[in-house]
Amino acid sequence: MPRRLGISIYPDHSDEAQNERYLHQAAANGFSRLFMSMLEITEDKDRVVAKYRRLIQLAKSLDYEVILDVAPNIFAQLSISYDDLSFFADLGADGIRLDQGFDGQKEALMTYNPQHLIIELNMSNDVAYLDNILSYQANKPFLYGCHNFYPQEGTGLPEDFFMSCTNRFKRNNLRTAAFISSQVATIGPWSVNDGLPTLEAHRHLPITVQAKHLFATGVIDDVIIGNAYASDEELAALGALDRYQLTFNLELLPTSNPVERTIAFGCQHVRRGDITERVVRSTEVRKQFAAKANAPHDNTQRFERGDVVVGNDDFGKYKNELQVVLEPHTDSRKNLIGHISQAELPLLDFVGPWTKFKFEERK
C-alpha cells in the first residue's frame, strides 16, 4: 500500500485561519491525510456543520483524505444514527474513526454504508475485536485501522504491544495508521497535552525519527502528526523523508576523504544476506570502488555502535566495503568515517538481511 503522511486538526480548540494555513503548508510538503477530531464538540449542530464543512471542503481541494474521529456521545449530541452515516458524507468526509467499538456485527454492517464511507477501527487493543468484525463478513476495502494517541506522559504504548496490536490488522491486509508527536505543537483534544504519540518511546524524539521508526516497522501505512501545529521545519523534514527505505542521519567526520563520502552518500546500500552480529555489511559498494585507493586513517580508537566505517587499502578484497558497527570492536583495516545520530540508533534493529538503506548528511 502507498505510505502517507497526515496531520491533525482540532476545530473546537483552534483558529480557523491557522487551520487553513496549516492545511496548505502540509499539502505543499506532500501530506495527504487529515485526522479531524469531533470528540469535544460544544456548539449546536448548525454551527458544527458550517465549521467542519468549510475545513473539509478546503482539505478535499488540497487532495486530503479526511477521517473524522467520533464517539457515541457525539452521535447522541448531533442526533445522528449509526445506521445512517449520510451526515458525515454531507460534510464531505471520507470516513469516520470509531473511538469506541460495538458488537462486531454493527461495525461490519457499517462498512456497507451506501455513501462508501471508510470505517476506521481503534487498533490499540490486543484482543480479537477485528476477528469478530471480519467474521460478520465486513466490507474490507472500506475498513481501516488507526491507533490511539496518548496525551499524558508515560501512558503511550510499549513497542512489543504496539506490534502485536498492529499485526492483527496487517495480517488481514488492512490500511493502518499511528500517531507521532511534534515537539513544538500545543493543541490536542484535551487540556492535558504532553505530546500526542502512539508509542511512549517517541514522545521526546525528533519527529523525523518517530516517522522513520513507524515506517521501518513495515506494518504502518499512514503516519499522522497527532498534535497541532507542527512547525514548518518539521513538515518540510517529514515531507523529504523516504517512506520506503531507512535513511540514516550520518555525521561525517572531517577526516573522511572524497571516496568515502561518495560511498556513503552516493550509493544504494544493501545489507548482506548472510548477516553477522558485529556489523551491517554493505558489500556491493566495494566492487564499484575496487580501483579507488583509500589510505588508512590515523586512528586506533574502538568503534562503537552506530559508527560507520569503510575498509582501507590494508583490507585486501574488502577495501571500500562500508559497514555499520553493531558491536564495539577495533580494526585498523577500517577507516572511521562518521556516526549515525544517537536518536536513530534504535532504527538499526530494523536493518535485517537484504534490507536496503541510505545515508543523508547531518550538518
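**Architecture of the predicted model**

In the predicted model, residues 24 or more positions apart account for 76% of the contacts in the chain with a separation of 6 or more; a contact here means heavy atoms within 4.5 Å. Residues are numbered from 1 along each chain as its sequence is written. As the model is predicted, local features need pLDDT of at least 70 and side-chain atom pairs count only at pLDDT 80 or more, whereas totals for chains, interfaces and linings use all residues; side-chain values use heavy atoms, with hydrogens and water left out.

The chain comprises 363 residues, of which 56% count as buried. Buried denotes under 20% relative accessible area, exposed over 50%, and partly exposed the range in between (1.4 Å probe, protein chains only). Taken along the principal axes, the C-alpha atoms fill a box of roughly 75 × 45 × 35 Å. The chain has 11 helices and 15 strands, defined as DSSP runs numbered from the N terminus (helices H or I, at least four residues; strands E, at least two).

Strands of a sheet pair through backbone hydrogen bonds, either parallel or antiparallel. In this model, 8 strands close into a barrel in the order β1-β2-β3-β4-β5-β6-β7-β8, with parallel pairing. The twist averages 25° from one strand to the next. Two strands are taken to pair if DSSP finds at least two bridges between them. Strand β7 (residues 175–180) and β8 pair in the parallel sense over 4 bridges, and F179 has I224 in β8 as its bridge partner. Helix α2 packs on this sheet, touching β1 (4–9), β2 (33–37) and β3 (65–70), and its direction makes about 150° with that of β3. Helix α8 also packs on the sheet, through β1, β7 and β8, at about 155° to the direction of β7. For these angles, axes are lines fitted to C-alpha atoms, for helices over the stretch in contact, and values run from 0 to 180 degrees between N-to-C directions.

Strand β5 (residues 118–122) is largely enclosed by the rest of the structure, because 5 of its 5 residues are buried. Another 4 bridges join β5 to strand β6 (residues 143–146), again in the parallel sense; here L121 stands opposite G145. The chain passes from β5 to β6 through helix α6 (residues 129–135) in a right-handed β-α-β crossover. A right-handed β-α-β unit is likewise made by β4, helix α5 (residues 105–110) and β5. Right-handed means that, with the strands pointing away from the viewer, the path from the first strand over the helix to the second runs clockwise.

Nonpolar side chains tend to be buried together in soluble globular proteins. The largest nonpolar core has 78 residues, and those with the most contacts inside it are I7, M38, L68, F88, I96 and I225. Such a core is a set of buried Ala, Val, Leu, Ile, Met, Phe, Trp, Tyr and Cys residues joined through side-chain atoms within 4.5 Å. Helix α2 (residues 45–61) gives the most to this core, with 7 residues. Apart from it lies another core, of 24 residues, including L250, V324, I337 and L348. Leaving aside neighbours within four places in sequence, I96 is in contact with residues including L68, F88, I119 and E120.

Strand β9 (residues 246–252) is antiparallel to strand β14 (residues 334–340), to which 3 bridges join it, and E251 stands opposite H339. Strands β9 and β15 run parallel and are joined by 5 bridges, with L250 opposite E361. By contrast, β10 and β15 pair in the antiparallel sense over 2 bridges, where H269 stands opposite F357.

D221 is found in the loop between α8 and β8 (222–225). This residue, D221, counts as buried because its relative accessibility is 5%. Its side chain makes a polar contact with the side chain of K170 (2.6 Å). A polar contact is a pair of N or O atoms within 3.5 Å; within protein, one must be able to donate a hydrogen and the other to accept it, and residues adjacent in sequence count only if both atoms are side-chain atoms. Not counting residues up to four places away in sequence, D221 touches several residues, among them M1, R4, K170 and F215.
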